[in-house]
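Visitor: I have the sequence and the model open side by side. Could you walk me through a few spots while I look?

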Amino acid sequence: MNTWFTVEQVDSQTFAISEYKHWEETHCYLLSGQEKAVLIDTGLGISDIKSIVDRLTSLPVEVITTHAHWDHIGGHRHFDSIAVHEAEKQWLSDGFPLPLPVVKKNLTRLPCDFPPEFSLDAYRVFQGMPQRILHGGDRLDLGGREIEVMHTPGHSPGHCCFYEPERKYLYSGDLVYKGCLDAFYPTTDPQQFYQSVQKICRYKIHRILPGHHQLDIPVSLAADIEAGFSQLEQSGKLQQGNGIFSFGNFQIHI
């Protein structure tokens with residue numbers, strides 16, 4: 001039995017699959033419709049997430065990627081149908097921009113009780129050709145359930161959130177969560193990050209389902225993050241290299 005993942009039921013057709021044993025505390029989400037299912041992200045790749053997905057659904061599954069960072073694409077290798085935003089197609093097909101030793105250093109940054117089948121020596125960042133290219137405004141029909149693709153760059157060039165108009169769920173990836181929001185890497189953009197948070201705040205949201213850390217977060221966190229970015233912009237600090245700013249439930253690293 002796979003004990004690496006924790007499965008929590010969001011509703012009768014939605015599951016959170018989490019890696020709480022690792023410091024990243026990543027969340028992936030399985031959404032089932034009448035005809036197919038989507039898996040939003042595949043986590044760290046430390047254990048086989050497909051074994052969990054197969055237990056939860058017999059529907060055909062397509063992986064849709066919030067962004068192509070190593071901690072969100074680790075299990076992509078287990079699936080035949082993968083979608084990513086056009087701006088990060090090359091990160092999947094030609095190689096992730098961070099060297100493998102740097103990724104492994106991040107992976108083992110804090111002590112972790114890895115499962116017996118995990119081998120750090122054999123660990124690789126997923127590389128492969130996506131079967132679908134996503135664009136902002138695309139609609140994904142699962143059969144009686146529709147998902148809207150929102151292009152929300154800033155944390156990465158092709159970062160996407162996914163929105164359900166019927167349930168009013170927002171799957172926020174690395175745009176909104178309780179923790180440190182990163183916009184300091186060379187491939188990040190704090191101004192775009194701010195604009196993307198402003199964009200999602202215009203939507204009617206009943207629940208935010210984040211990419212990391214605490215699963216049950218208040219919808220008001222998005223507005224709080226928007227206010228934090230606004231404060232930094234007004235003070236002339238919304239530029240890379242200015243450091244980490246704390247706002248209580250979250251931090252912004254630029």
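Visitor: Where does Thr188 sit?

Guide: Keeping in mind that this is a predicted model, Thr188 is placed in the loop between strand S12 and helix H4, the latter covering residues 190–200.

Visitor: Is Thr188 buried or exposed?

Guide: Thr188 counts as buried because its relative accessible area is 7%, and the cut-off for that label is under 20%.

Visitor: Which residues is Thr188 in contact with, if I leave aside neighbours within four places in sequence?

Guide: With those set aside, Thr188 has contacts with Gly154, His155, Asp182, Ala183 and Gln240.

Visitor: And what does the side chain of Thr188 reach?

Guide: It reaches the backbone oxygen of Ala183 at 3.0 Å, and a polar atom of the Thr188 side chain also lies 2.6 Å from the backbone oxygen of Tyr185.

Visitor: How many residues apart in sequence are Thr188 and Ile254?

Guide: They are 66 residues apart in sequence, while their C-alpha atoms are 8.9 Å apart in space.

Visitor: Back to S12, then. What is the strand order in its sheet?

Guide: The sheet is open and has three strands in the order S12-S15-S14, with mixed pairing. Strand S12 (180–182) and strand S14 (244–246) are at the edges and each has a single partner strand, so one side of each is left without a neighbour in the sheet. On average, neighbouring strands of this sheet are turned by 20 degrees against each other, direction ignored.

Visitor: How many bridges join S14 to S15?

Guide: Three bridges join S14 to S15, which spans residues 251–253, and the two strands run antiparallel; within that pairing, Phe245 has Ile252 of S15 as its bridge partner.

Visitor: Which strands pair with S10?

Guide: Strand S9 (residues 146–151) is joined to S10 by four bridges and runs antiparallel to it, with Met150 partnered by Cys161. S10 also pairs in the antiparallel sense with S11 (residues 169–173), over three bridges, and there Phe162 stands opposite Tyr171.

Visitor: What about the hairpin of S10 and S11?

Guide: That hairpin has four residues between the strands, and Lys168 takes a positive phi near 60 degrees.

How values were computed:
Residues are numbered from 1 along each chain as its sequence is written. This is a predicted model: local features need pLDDT of at least 70, side-chain atom pairs count only at pLDDT 80 or more; totals for chains, interfaces and linings use all residues. Side-chain values use heavy atoms; hydrogens and water are left out. Two strands pair if DSSP finds at least two bridges between them. Axes are lines fitted to C-alpha atoms, for helices over the stretch in contact, and angles run from 0 to 180 degrees between N-to-C directions. Buried means under 20% relative accessible area, exposed over 50%, partly exposed in between (1.4 Å probe, protein chains only). Contact means heavy atoms within 4.5 Å. A polar contact is a pair of N or O atoms within 3.5 Å; within protein, one must be able to donate a hydrogen and the other to accept it, and residues adjacent in sequence count only if both atoms are side-chain atoms.
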